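Here is a short note on charged side chains and how they pair. Please keep the structure open while reading the points.

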Amino acid sequence: MRRMSRVWIAIVFCLALCFSGIGVLHSDSSARGMIKPEQKSESSTVQPSAFVPGVYNAPQLAKEGAPAPSNIKIKCKKKKGGKVKVTVSWSGSAAHHLIVVRDYYAGGYNEQWNYTSAHSKSFVYPVEEGIPHKFWVYLYGHAGSNRSDNSSYSKEIRKSKKFQYVGPQTLKVIQILSENGVYGMDTFNQIRFAHDWIVKNYSYGNVGTDSSYTFPGAFKSRTCVCEGYAKTFLTFMTCLGVPVDYVHNKKHGWNLVKLNGAWYHLDATYDDPTGSLESTTSKYPIYDYFLQSTSNLKQKSGAGAHAYAENEWQKATSTLYDNDGDKSGYSEDMPDGTGMCSSTFTPWMNGQPMADVG
């Protein structure tokens, strides 16, 4: 009898959740193959049901016509415990509004939603320190009296805001960048410094350890897997204000970084001579995977390691920094005249002391 009561309580709770306007958190840290909002056509209309699978059974948006919201404002406030409070406010004459907020980050997204008659709503998200988070707000006006009412919705209105949770490890990165004068460098040298610093200080390992897959964990132990390498580069670039992204497939992760208007691949894991992925024992970092085009990247590593859904990330078509793939790391001069992969170039880790923090 007591077991039956518990079952009925669970059923009632689920029904209440489905028919209320309470937001539901949808987490998917292993999301693959997801079109990023900024790459969609701005004129496209996205169904709310696509954002809350299995919970919000929204009617089709064929009867578009409700008043659209406007004047969307997004505020992010850092909270203790690795969390951020995202508050969205807007104007609109519709009876109700459906708001969906997605936090895109390296490797996945978190999502919450709410159906409300108010013109402001706050959500609290757990966030990973250091790496960039981008909060996309999708807002719809609704002419109905409740969310199950098959009345007209407005067109989708969207807006985004970037956020970085600056914690103790991120502050150490900022200190490293400051003490090495990196904030005064041009973008190319900022990228090169971050690449060399990670290669010098990190080693590949701790496979299966949770800390190896986050920036704070990787930065503390200096031993991690590819995701730790890539997220550390994400953090360095975000602290410097350089556009950067995290690319991944089911087995590997690396970066895309923007330089002089073009996007390039950068894989610090594969450029680490002390890592398990390279056989060389050279004291110099390798630049085979530094600022590479998609075509050259895939040619070097074969079909599997860097295979990814290319239509879901920025296009890396520039071949300006492509080299011949020689594994010695000294085969090519870089177009900026530094002789990046030749004996005339001295990497940061060998040219001058690279300041570190304890």
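How many salt bridges does a search of the whole structure find? The points below begin with that count.

1. The model is a predicted one. Searching the whole structure gives five salt bridges. Three of these pairs, including Arg-158 with Glu-156, are taken up below.

2. Arg-158 and Glu-156 join their side chains in a salt bridge, with 2.5 Å from N to O. Arg-158 has a relative accessible area of 13%, and Glu-156 has 8%. Buried means under 20%, so Arg-158 and Glu-156 both count as buried.

3. A salt bridge also links the side chains of Glu-227 and Lys-231, at 3.0 Å from N to O. Both residues lie in helix 5 (residues 226–240); because they are four residues apart there, about one helical turn separates them. Glu-227 is buried at 19% relative accessibility, and Lys-231 is buried at 4%.

4. In the salt bridge between Lys-298 and Glu-310, the closest N and O atoms are 2.7 Å apart. This pair connects distant parts of the chain: Lys-298 belongs to helix 6 (residues 294–305), while Glu-310 sits in the loop between helix 6 and helix 7 (348–351), twelve residues apart. Lys-298 is partly exposed, with 27% relative accessible area. Glu-310 is also partly exposed, at 31% relative accessibility.

How values were computed: Residues are numbered from 1 along each chain as its sequence is written. This is a predicted model: local features need pLDDT of at least 70, side-chain atom pairs count only at pLDDT 80 or more; totals for chains, interfaces and linings use all residues. Side-chain values use heavy atoms; hydrogens and water are left out. A salt bridge is a side-chain nitrogen of Lys or Arg within 4 Å of a carboxyl oxygen of Asp or Glu. Buried means under 20% relative accessible area, exposed over 50%, partly exposed in between (1.4 Å probe, protein chains only). Helices (H or I, at least four residues) and strands (E, at least two) are DSSP runs, numbered from the N terminus.
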